[in-house]
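Let's take a friendly walk through a protein model together. Have the sequence and the 3D view open while you read.

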Amino acid sequence: MIVASNLTKRYPGGLQALHDVSFEISAGEMVCVTGHSGAGKTTLIKLVSTIEPPTAGSLLVNGQNLAALRRSALPFVRRNFGLIFQDQKLLFDRSALENVLLPLEIVGLPYREAVRRAQAALDKVGLLERAKANPVALSGGEQQRLAIARAVVNRPAVLVADEPTGNLDTESAEQIFAIFESFHQVGVTVVIATHDLGCIRRFEPRVLRLDHGRLL
Amino acid sequence: MNSWLAQHQAACGRAVRRLLAAPLNTLLSLLVIGIALTIPAFGYLVLDSLRQLGHGAAGAQQVSVFMQLDASRKEVAEIEARLQAVAPARWRFVPRDEALARLKGNEGMVEIVASLPRNPLPDAFVVEPPSLAPDAAPEALEVLKKEISGWPKVEHVQLDSAWVRRFDAFIRIGRLALGMLAAVFAAGLIAVTFNTIRLQVLGHAAEIEVARMIGATDTFISRPFHYFGALQGAAGGLLAALLVALGLALLAGPVGELAALYGAQFALRTLGLAEVAALVGCGGLLGWLGGQLSVRLSLRQFD
C-alpha cells in the first residue's frame, strides 16, 4: 500500500525533520507512529499523505511513485487518504454537515447522495443530532469526531491521523481510538501519529518509533 | 456529464451565495462595473444617433452655383444649357430678385434689406445631382464642383454636403475616442474584478487550504470564483443598461425641445434587446477574465 524508501525531509532554514526513513505499510494494517515531540511524526504524516513532498527518497502509494506524478495528478492521489489533522482544520463558516459534505463535493457526488452519505458518516461518529450545529459549538472531542467523519465520508483506503487525541481526556481519546479500530476492522489502513501510550497498549497496533527524525 | 453539471451548478450556487453574503461590497462593485460600462455604452448610443441624423441629412446633397454679379442674361442662359447637359432636370434657377424677396421674407431682415442701396445677391443655381450612392457622393460631387467652377462667369460653387462630410469625420474621431475610452474602462473592470476576487480568495483561505489537502483540484477550487467574476460582471452590465436607459429617459425631453428649436426631428435612440445582451455579455466576459487572472495568481500562495 505505502512503501517509503530513504525518506528525508529538510525544511528551509536547515531543520532536518526526517532522516533516511524507510518502512512499508500493507493494506489493512493499523500503524502507530510514536516519538517525542519534534521527533518528526507530523512530518512523516505529511509526507505519507502527499501534502508535502520529501526532500529526498521515494514514496510509493498503491505502486505509484509520487515523485514521478504530475502536479495535476496529486489531488487524485490525495483522495485515497482520509486526513485528520492535529488542529482538525474544520471550517467554522458552515454547519457540521456541510463540513462533512466538502470531500463529496470535491469528487462531484450528486447533492442528495452526498447528504445521505454525510449523514451516515456523522451517525457513525455519533454526531448525527449535531449535524446542523456550527463546529464552534462542539466540544473538543466532538470536533475531533467531526474531523473523523469528514475524513471517512469518502471511504478512503487509508486513514491518516496526526495526534488525534492530543487535547482530549482519556474517555474521549478512547472513543476516538475505538472509531479508528472499527475502521481498521473493516479493512481500512490506519496510520496514526500519537504519543498516547495507553491506547497503544490497548489496541496493540504495529508501532513505528521515531527519534530525532530517524526510525528506531 | 451529470456530475459535471452538478459541479457547475454547485459552483454557481456558491458564487451567488458569496455575492449575497456581502451585499454592501457586492453593491459597490456592481456600481463601479456598471458605471465603467455605462459611459462607453452611452457614448456609443449618442454617436450612433448622431450618425443616423447625419445620414438622413446626406440624402439632400446639393451644389449651389453662384454667378458673378455682373453676369448677363445671356451668360446665365449659357450656364443653364450646360447644367441641363450634366444634370438634366435636376437643377433649379434662383434669380437674384427672387433671392432678395426670400430674404425679405425672413423676420428681422426686412429693414436690413430695405437699407441696402442695391441687390447684393447674385443669380444662383441649386443643383441636385441624380441618384448618387450615399458613399460615392462626396467624390462625385467634388468632381462636379471642379467642373462647374471652370465655367465662365461662375463666381463660386458651394458643396452643401461638405458639412455632412465634416460631420462624418467628426463621428469617426468620436468613435475612435470612444473605442479607446471603452478599452480603458474594460481594463478598469478587469482590475476591479481582479481585486474583489483576490479578496474573496484570501477570505476563503481556510477552505481552500483544507480542500486542497483532501484532494480538490485547482479547477474545483477556482470554479466558484470564475462564476463569481462572471456573475458580478454580468450584473454590472445589466446595471449599466438600466443606467443608460435612465439617462436616455432623462435626456429625451430636452433633446426633443432642442431639436424642435432647430425645426428638426431628432431623438436619441434607445437600447435594443441585443445591445442589452451585449452589455451583459461584455460585463460577464470581462468579469470572468478578471476572475481567471486573479484566481490563478492568488492560488499560487497556497503552493
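## Before we start

Please keep in mind that this is a predicted model.

## A sheet in chain A

Look for an open sheet of four strands in chain A, with the order S2-S1-S4-S5 and antiparallel pairing. Its edge strands are S2 (16-25) and S5 (64-65), each of which pairs on one side only.

Zoom in on strand S1 (residues 2-10) of chain A, which pairs with S2(A) in the antiparallel sense over six bridges.

## Two helices side by side

Next, find helices H5 (140-152) and H6 (residues 170-185) of chain A, whose axes come within 10 Å and cross at roughly 15°. Because the angle is under 35 degrees, H5(A) counts as roughly parallel to H6(A). The crossing of the two is right-handed.

Which residues make this contact? On H5(A) they are A:Gly141, A:Gln144, A:Arg145, A:Ile148 and A:Val152, while H6(A) brings A:Ser172, A:Gln175, A:Ile176, A:Ile179 and A:Phe183.

Is A:Ala157 buried, exposed or partly exposed? It is partly exposed, because 17 other C-beta atoms lie within 10 Å, and a buried residue needs 20 or more.

Leaving out residues up to four places away in sequence, A:Ala157 touches A:Asn80, A:Val188 and A:Thr189. The C-alpha atoms of A:Ala157 and A:Val188 are 5.5 Å apart, although 31 residues separate the two along the chain.

In soluble globular proteins, nonpolar side chains tend to be buried together. Here the largest nonpolar core has 102 residues, and those with the most contacts inside it are A:Val33, A:Ala149, A:Leu159 and A:Val160. Helix H9 (residues 218-261) of chain B gives the most to this core, with 12 residues. A second, separate core has 12 residues, including B:Trp91 and B:Phe125.

A:Val33 sits in strand S3 (residues 30-35) of chain A. A:Val33 is buried, because 26 other C-beta atoms lie within 10 Å. Not counting residues up to four places away in sequence, A:Val33 touches several others, among them A:Leu44, A:Ile45, A:Val191 and A:Leu208. A:Val33 and A:Leu215 are 182 residues apart in sequence, yet 9.7 Å apart in space, C-alpha to C-alpha. For A:Leu159, contacts beyond four places in sequence include A:Gly82, A:Ala151, A:Phe180 and A:Val190.

## Chain B and its meeting with chain A

Turn now to H1 (2-21) of chain B. The axes of H1(B) and H9(B) come within 8 Å and cross at roughly 60°, so the two helices are oblique to each other. The crossing is right-handed. Residues of H1(B) that meet H9(B) include B:Ala11, B:Cys12 and B:Leu19, and those they meet in H9(B) include B:Tyr227, B:Phe228 and B:Leu231.

How many residues of chain B are in contact with chain A? The count is 14 residues of chain B, facing 15 residues of chain A. On the side of chain B that touches chain A, the elements giving two or more residues are H1 (2-21) and H8 (205-213) of chain B. H8(B) gives the most to that side, with five residues.

Notes. Residues are numbered from 1 along each chain as its sequence is written. Chains are lettered from A and ligands numbered from 1 in the order in which they are written. This is a predicted model: local features need pLDDT of at least 70, side-chain atom pairs count only at pLDDT 80 or more; totals for chains, interfaces and linings use all residues. Two residues are in contact if their C-beta atoms, placed from the backbone, lie within 7 Å. A nonpolar core is a set of buried Ala, Val, Leu, Ile, Met, Phe, Trp, Tyr and Cys residues joined through C-beta atoms within 7 Å. Two strands pair if DSSP finds at least two bridges between them. Axes are lines fitted to C-alpha atoms, for helices over the stretch in contact, and angles run from 0 to 180 degrees between N-to-C directions. Angles under 35 degrees count as roughly parallel, over 145 as roughly antiparallel, 65 to 115 as roughly perpendicular and the rest as oblique. A crossing is left-handed if the near helix is turned anticlockwise from the far one by less than a right angle, and right-handed if clockwise.
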